[in-house]
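Have the sequence and the 3D view ready.

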Amino acid sequence: MTVARFEHVSTAQYARDMQLPGAMMVEDIPLPRRATRGSAGYDFTCPAEVTLAPGGQAVVPTGIRVRIEPGWVLLNVPRSSLGRRHGIRLANTVGVIDSDYYGADNEGHILVMLVNGGDHTVTISRGERFCQGILVPFGLAEEEDVAGVRSGGFGSTGA
């Protein structure tokens with residue numbers, strides 16, 4: 001069952017968000033894909049070299065957005081090899097990409113916040129797979145009508 005489609009953000013949006021030197025052109029960034037038939041995660045490619053000192057942080061604009069069917073969410077997590085070998089994790093632990101993020105003011109551009117929790121400097125190379133997205137269905141609890149409208153990314157639906 002197909003529930004999502006990965007796409008590139010526009011060149012203009014990528015240029016607004018990308019602050020890392022030597023970055024790939026947005027159209028050259030591979031769309032996320034699974035490494036094997038049994039893989040749950042879609043690997044994201046780092047579009048520029050990122051160096052993180054111990055305790056350091058970086059925001060990586062992926063150049064990617066995703067159109068997701070209602071009732072599904074994309075959960076972004078670090079690749080396990082980066083966490084195990086180097087202590088790299090996501091600053092927000094798990095990135096939650098909701099289906100309505102696609103229509104946000106920033107085109108639904110997926111930005112990944114990395115933190116080096118290890119004891120040595122780590123460089124993620126341009127073109128290296130650095131995080132993965134997992135598509136998961138979700139349920140709803142009984143609630144009042146939801147009237148909020150998403151405007152952007154991190155924290156855009158309220159404090």
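## Aromatic rings

Rings of Phe, Tyr and Trp (its six-membered ring) pair if their centres lie within 6.5 Å; planes under 30 degrees apart count as stacked, over 60 as edge-to-face and the rest as tilted. In this predicted model, local features need pLDDT of at least 70, side-chain atom pairs count only at pLDDT 80 or more, and totals for chains, interfaces and linings use all residues. Residues are numbered from 1 along each chain as its sequence is written, and side-chain values use heavy atoms, leaving out hydrogens and water.

Which residues form one aromatic cluster? They are F6, Y42 and F44. The structure holds two aromatic pairs. F6 and Y42 make a tilted pair, 5.4 Å centre to centre with 50 degrees between the planes. Because F6 lies in strand β1 (residues 4–8) and Y42 in strand β2 (residues 42–45), this pair ties together parts 36 residues apart in sequence. Strands here are DSSP runs (E, at least two residues), numbered from the N terminus.

Buried means under 20% relative accessible area, exposed over 50%, and partly exposed in between (1.4 Å probe, protein chains only). F6 is buried at 11%, while Y42 is partly exposed at 23%. The rings of F6 and F44 are edge-to-face, since their centres are 5.9 Å apart and their planes stand at 90 degrees. F44 is buried, as is F6.

## The sheet

Two strands pair if DSSP finds at least two bridges between them. An open sheet of four strands runs in the order β2-β11-β6-β8, with antiparallel pairing. β2 and β8 (95–97) stand at the edges with a single partner strand each, so one side of each has no neighbour in the sheet.
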